[in-house]
Amino acid sequence: MGKKHHLALIIPFFALMCASAPSVLVSGNDNAKEFSLKKGEIIQLSLDAQLSTGYGWQISSVSGVEQYGDIDVKTAKVIGGIDTQNIRFRAISEGSGHIEL
């Protein structure tokens, strides 16, 4: 069984509508930081993983956002190398929310 990781992000939301909002990029260094998003904006988590060794990220719980697309993986060139998992979420409601992995 792979190792579990927890990354909790508190994401406050605002009720303003955006037709095409730029993405907010977040890395593992941003653990537990707060980010402001408008309804409809996309937040992308770009996280290091070692999928060939079972060391990866899974969505545990979310509120105020929904997963947007599939998890994109940039695979390392060598076995045991550092992969990158990109996970996108779209803000769907106003108020505060969270993403926990």
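The exercises below, each with a worked solution, concern a predicted model.

**Exercise 1.** Work out where Tyr-68 is placed, whether Tyr-68 is buried, partly exposed or exposed, and which residues beyond its sequence neighbours Tyr-68 is in contact with.

*Solution.* Begin with the chain itself, where Tyr-68 is found in the loop that runs between β6 (65-67) and β7 (72-74). Next, take the relative accessibility of Tyr-68, which is 37%; because partly exposed covers the range between under 20% for buried and over 50% for exposed, Tyr-68 counts as partly exposed. Finally, set aside the neighbours within four places in sequence, and the contacts of Tyr-68 that remain are Ile-42, Arg-88, Phe-89 and Arg-90. For one of these, Arg-88, the C-alpha atom is separated from that of Tyr-68 by 5.1 Å, although the two residues are 20 residues apart along the chain.

**Exercise 2.** Find how many salt bridges there are, and describe the residues that form them.

*Solution.* The count comes to 2 salt bridges. One of them joins the side chains of Asp-30 and Lys-33, with an N to O distance of 3.3 Å; Asp-30 is buried, having a relative accessible area of 14%, whereas Lys-33, at 43% relative accessibility, is partly exposed. Another links Glu-66 with Arg-90, whose closest N and O atoms are 2.4 Å apart. Since Glu-66 belongs to strand β6 and Arg-90 to strand β8, this pair ties together parts that are 24 residues apart in sequence. Both partners are partly exposed, with Glu-66 at 31% relative accessibility and Arg-90 at 28%.

**Exercise 3.** Identify the residues with the most contacts inside the largest nonpolar core, and say which strand gives the most to this core.

*Solution.* The largest nonpolar core has 15 residues, and those with the most contacts inside it are Ile-43, Leu-45, Phe-89, Ile-99 and Leu-101. Turning to the strands, β2 (24-27), β4 (42-49) and β8 (83-91) each supply at least two residues of this core, and β4 gives the most, with 4 residues.

Key:
Residues are numbered from 1 along each chain as its sequence is written. This is a predicted model: local features need pLDDT of at least 70, side-chain atom pairs count only at pLDDT 80 or more; totals for chains, interfaces and linings use all residues. Side-chain values use heavy atoms; hydrogens and water are left out. Buried means under 20% relative accessible area, exposed over 50%, partly exposed in between (1.4 Å probe, protein chains only). Contact means heavy atoms within 4.5 Å. A nonpolar core is a set of buried Ala, Val, Leu, Ile, Met, Phe, Trp, Tyr and Cys residues joined through side-chain atoms within 4.5 Å. A salt bridge is a side-chain nitrogen of Lys or Arg within 4 Å of a carboxyl oxygen of Asp or Glu.
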